[in-house]
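My notes follow in the order I checked things.

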Amino acid sequence: MRAALAALLCAAAAADDAAAGTCTAEPSAECGEAAPRIEDALPGVEEVPTGFFEEYVPEAGAAAVMPGVMKTGGTFRRDTWLVLVYAPYCEHSQAVEPLWRRVAGLAAEKHNRKFLKVAKYDATQKGAAAVSGRLGIRAFPTILLLLKDGRAREYRAPRVLTELADYVKVQTNGQVDLFPKADPDAAPVPGEVFSLTNHNYEMVRGAAATTFVKVYAPWCGHCRQMAPAWEELAARNKHRRDVVIAQLDATAHHTARDNLVGGGYPTLVVYTKLGEAKVYPSIDRTVDAMQAFLDKHHNLT
């Protein structure tokens, strides 16, 4: 019964994403029996039991909860929690694993650790169906922000770090900042979007790599919409040591903005090894289209 419910919820998640397939909560031919279970891939993230959610209610019923008192496994906590509700072997849950590892690491930093706890919850375990029904969980994975006053808020924006960090910062009144701190000496990491700043933007003019830059503003709806595709583009090029996928927050780094090619938001520019700046001319911001543009100008260098 629990496996059937998990399969239904995972299928519901896929129905919301035209590019996704479906999978069941147990190993299948599609998921593959060797697929890594998310609970194994995130050994450092606390797994909470079903009883953890006992006194949390969805937003509409928050008035019935005593402010500041959470009951978890027989103890009381006054922490804010960010919980990943997942189903083992669900491909959509597996896809969130790298994000959740990064979130857990950022939440553990000194300026965040006393304000936010990060956990995961296996929604196929005994008693989970009642929790899902009461909190309105309709698909896997679901990200819940559990506030100190007992409200359970479902995060519904794209599952990318910049979007989630912005959401958590707003919901915690600025107490939690999951945005990675800019390191002027940091080097690009293969498979990840590299953040340009006022201190490191000159790297795009070097001959060591072709750099594809997204100049954006956090408030820009088009920028937010394309964020998942930009991260996927970075992942797709992780094996190319001479290609960097980067982004620049034009509202926070004015010197870099003024010295790089810009315009409306977002502006996408390939900086070639020859020192040329090639502006992406299309409104087609799919991964395939952007990859083709990158390959065209990278192969000319």
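I took helices (H or I, at least four residues) and strands (E, at least two) as DSSP runs, numbered from the N terminus. This is a predicted model, so I kept in mind that local features need pLDDT of at least 70 and side-chain atom pairs pLDDT 80 or more, while totals for chains, interfaces and linings use all residues. Residues are numbered from 1 along each chain as its sequence is written, and side-chain values use heavy atoms, with hydrogens and water left out.

**Entry 1: Thr50**

I started with Thr50, in the loop between strand E1 (46–47) and strand E2 (57–58). I asked which residues Thr50 touches, not counting residues up to four places away in sequence. I counted contact as heavy atoms within 4.5 Å. The list is Tyr121, Gln125, Lys126, Gly127, Ala128 and Val131.

Next I looked for polar contacts, meaning a pair of N or O atoms within 3.5 Å; within protein, one must be able to donate a hydrogen and the other to accept it, and residues adjacent in sequence count only if both atoms are side-chain atoms. The side chains of Thr50 and Gln125 make one at 3.3 Å. The Thr50 side chain also reaches the backbone oxygen of Lys126, at 3.3 Å.

**Entry 2**

Six strands form an open sheet in the order E1-E6-E5-E7-E8-E2, and the pairing is mixed. E1 and E2 are the edges; each has a single partner strand, so one side of each lacks a neighbour in the sheet.

I checked E8 against its partners. E7 (residues 142–146) and E8 (residues 151–155) run antiparallel and share four bridges. Leu145 stands opposite Arg153, and Leu146 has Ala152 as its bridge partner. E2 and E8 run parallel, with two bridges. Pro58 stands opposite Ala152 there.

The hairpin of E7 and E8 has four residues between the strands, and Gly150 takes a positive phi near 100°.

Helix H5 (residues 161–171) lies across strand E5 (80–86), strand E6 (116–122), E7 and E8. Its direction is at about 155° to that of E8. For such angles, axes are lines fitted to C-alpha atoms, for helices over the stretch in contact, and angles run from 0 to 180 degrees between N-to-C directions.

**Entry 2: the five-stranded sheet**

A five-strand open sheet has the order E9-E11-E10-E12-E13, with mixed pairing. Strand E9 (194–196) and strand E13 (277–279) are its edges, each pairing on one side only. The twist averages 30° from one strand to the next. E10 and E12 run antiparallel and are joined by five bridges. Val215 stands opposite Thr267 in E12. H8 packs on this sheet, touching E10, E11, E12 and E13, and its direction makes about 140° with that of E10.

H6 bends by about 45° at Ala227, and Pro228 follows within four residues. The bend is the angle between axes fitted to the seven residues ending there and the seven starting there.I called residues buried under 20% relative accessible area, exposed over 50% and partly exposed in between (1.4 Å probe, protein chains only). Cys223, Met226, Ala227, Ala229, Trp230, Leu233 and Ala234 of H6 are buried. Their cover includes strand E10 (210–216), strand E11 (243–249), strand E12 (267–271) and helix H8 (287–298).

Val193 lies in the loop between H5 and E9. Val193 counts as partly exposed, because its relative accessibility is 22%. Val193 touches Trp230, Glu231, Ala234, Ile245, Ala246 and Gln247, not counting residues up to four places away in sequence. Val193 and Leu233 are 40 residues apart in sequence and 8.7 Å apart in space, C-alpha to C-alpha.

Most residues other than glycine have a negative phi, and most peptide bonds are trans. I listed some exceptions. Phe140 and Pro141 are joined by a cis peptide bond, with omega about -10°. Pro141 sits in the loop between helix H4 (128–135) and E7. The bond from Tyr265 to Pro266 is also cis, with omega near -5°. Pro266 lies in the loop between helix H7 (254–259) and E12.

Asn173 is not a glycine, yet has a positive phi of about 55°. Asn173 is found in the loop between H5 and E9. Its relative accessibility is 73%, so Asn173 counts as exposed.

Technical notes. Pairing = 2+ DSSP bridges.
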